[in-house]
Amino acid sequence: MRKIIAFLAITIIAVSCNQELIVNAPWKDVSAIYGILDRTSDTNYIRVHRGYLGDEGISGGSQEPDSLYYINPDIKIEIINTSGQTMETVSLIRDESKDLDSGFFTTEGYHTFRFDKTLVDNFSYKLIVDKSESGLNQVYASTPMVDDFNIGSPNQNRSLNYAFRNGVEVKWESTENGRLYQVKTRMHYLEMSLTDSKDIVSKYVDFSVTTKTANSLNGGQNFITTIGYDSYYRFLANNIEVNQDVIRFYEGTDIVIVASADDLATYMSVSAPATTVVQDKPHFTNIMGGDDANAGIFSSTNKAENLAMKLADDSMDSLVRSMLTCDLQFADRIGQDTVYCQGGLYPIKK
């Protein structure tokens, strides 16, 4: 009898249960804001978007500009000195100059907000977004400016020798407010058609060397990393297309280290692809206020550069003649002749 009564109770509950699945949650004002202040740039841009919700799903507002942007928001940045005093409040300029390729979202009405002030070491910057629509609360975010720093090695006036000992050593000290340091090289070269010497294209290839994290935000931590011969030339072989119709001329190499502020380092870490079976990554944003359902990041970067460095003779010889890069047909000027490796390890053609 008890089993019968329990079965009847479960049946009544199941029949009376509402089977409707409600997909949409109650509407919230969601601000999505992205802005990285680059200390080395005289112009910086802030993107301010809004979330939207409708019964038609994500396609419902994708073609409506007023679903993607706030109506005439008041966006400003407060510049704050080391004593916490606001030195200046700058209203950002709406900028519609960028052209976008077509995609899922409409390009109609696309705009960013431009900040033209020179950025200052040790100062902080507070972004304030007043949405100028009834019932929508202000959102804001703050970032300190990453201080200037230098590349200690290799010396700007020395040539790069990847074949020397273990390779090219890159040394620097962490700087105040800098948490994450990304090291890369950019090799510039010209590509010339073998059938038309006037057909010359300027190109470059970026090699991501390493990423280092500082133990503190106070600066002064010594870092060193090495760009090895095999890893570098193998990278060139894998990332420059073999093309027997052209020869290439090496132009120079830039070494660049980008330092990111603490919040940006955290944002990049939690946004990176998962490398474990746990795919559910935490949500991180430093955009505050509103309904606290915000997304995005407002932070700062700085960079140190050694530009237009040249290869040492040994490294240039390897670029032209080594087994790894011979097929790329980089040319070497010897006296009045231009020679390049073709069809194998050492066949050199004038």
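Let's start with two helices: the axes of H3 (residues 229-239) and H5 (residues 313-321) come within 11 Å and cross at roughly 40 degrees. That makes H3 oblique to H5, since angles under 35 degrees count as roughly parallel, over 145 as roughly antiparallel, 65 to 115 as roughly perpendicular and the rest as oblique. Axes are lines fitted to C-alpha atoms, for helices over the stretch in contact, with angles from 0 to 180 degrees between N-to-C directions. Helices (H or I, at least four residues) and strands (E, at least two) are DSSP runs, numbered from the N terminus.

A word on the source. This is a predicted model: local features need pLDDT of at least 70, side-chain atom pairs count only at pLDDT 80 or more, and totals for chains, interfaces and linings use all residues. Residues are numbered from 1 along each chain as its sequence is written, and side-chain values use heavy atoms, leaving out hydrogens and water.

Next, salt bridges (a side-chain nitrogen of Lys or Arg within 4 Å of a carboxyl oxygen of Asp or Glu). The structure holds 19. One of them joins Asp262 and Arg179 at 2.8 Å, N to O. Asp262 lies in helix H4 and Arg179 in the loop between strands S10 and S11, so the pair ties together parts 83 residues apart in sequence. Arg179 is buried at 18% relative accessible area. Asp262 is partly exposed at 28%. The cut-offs: buried is under 20%, exposed over 50%, partly exposed in between (1.4 Å probe, protein chains only).

Now Asp206. Its side chain meets Lys184 at 3.6 Å and Arg186 at 2.7 Å, both N to O.
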